[in-house]
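Please look over the sequence and the structure before reading on.

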Amino acid sequence: MPPDPPIRNVLALAGGAGSGKTTLAESLAAAHPRTALLNLDRYVHTEPGRAPLAPSILGTGDVIDFSDPRSIDWGRVHQAVEEVPTVELLVVEGTFALEDQIRRLARWTVYLHTPDDLRLARKTLRKIGEGADPRISLLGYLARGREGHYRHVAPMRQRAGLVLDGALPTQHLTDQLLTHLANDAERT
């Protein structure tokens with residue numbers, strides 16, 4: 001395990017796929033000056049030998065199982081955290097942002113709880129918007145995404161210092177987070 005980077009104001013934001021993590025992180029960054037974002041989706045293993053594998057839903061061999069936290073290259077994540085320039089706030093957002101590798105670095109831990117149907121609808125619409133075949137996302141959800149969420153992601157809610165309702169409008173959630181950060185700053 002790489003050494004911890006210097007202590008800084010890190011907010012770890014986790015939640016299931018389609019919960020609104022990236023949208024909320026971007027909204028927070030727009031409202032909070034000198035904020036940097038680090039999206040864990042950019043740090044997944046690309047080499048099948050370094051990540052957990054699962055049968056392809058298309059029936060052609062094995063693929064990286066992105067519903068497992070071991071699919072994240074934590075060494076690259078730590079390196080990226082170290083390379084972020086000095087900012088007032090670093091938001092690390094991703095499905096597995098409350099895993100110990102990030103949680104132990106975070107001053108604030110937030111879980112975005114969003115109902116399954118809303119998460120699935122958002123993810124499907126996002127894939128359609130990207131020009132991807134929504135069938136693949138839906139088949140992946142049925143094959144292992146739902147079970148992976150309940151095994152690896154949903155339990156992170158218990159590790160969060162703040163749980164937000166992902167069904168609420170983004171601006172409302174941003175205001176809640178800003179209030180949370182301000183109240184914590186007043187206490188310290």
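A nonpolar core is a set of buried Ala, Val, Leu, Ile, Met, Phe, Trp, Tyr and Cys residues joined through side-chain atoms within 4.5 Å. The model described here is predicted. In soluble globular proteins, nonpolar side chains tend to be buried together.

**Nonpolar cores**

- The largest nonpolar core holds 26 residues, and Leu38, Leu40, Val77 and Leu90 have the most contacts inside it.
- Two or more residues of this core come from each of strand 1 (10-15), strand 2 (35-39), helix 2 (74-83) and strand 5 (89-93).
- Helix 2 supplies the largest share of this core, four residues.
- Apart from neighbours within four places in sequence, Val77 is in contact with Leu38, Leu40, Tyr43, Ile72 and Ile102.

**Largest pocket**

- The volume of the largest pocket is about 1300 Å³.
- This pocket is lined by 47 residues, of which Ala17, Phe66, Lys123, Arg126 and Lys127 are the closest to its centre.
- Helix 1 (21-31), strand 4 (62-64), helix 4 (116-129), helix 5 (134-153) and helix 6 (170-187) are the elements that give two or more residues to the lining.
- Helix 5 gives the largest share of the lining, 10 residues.
- By residue type, the lining of the largest pocket consists of 17 nonpolar, 18 polar and 12 charged residues.

Technical notes:
Residues numbered from 1 in each chain as written. Predicted model: local features only at pLDDT ≥ 70, side-chain atom pairs only at ≥ 80, totals over all residues. Heavy atoms only, no water. Buried < 20%, exposed > 50% of the residue type's maximum accessible area, 1.4 Å probe, protein only. Contact = heavy atoms within 4.5 Å. 1 Å grid on protein atoms, 1.4 Å probe; cavity = no way out; pocket = protein on both sides within 12 Å on 5 of 7 lines; lining within 4 Å. Points joined across faces, edges and corners; volume = space filled by probe spheres on them. Nonpolar A, V, L, I, M, F, W, Y, C, P; charged D, E, K, R; others polar.
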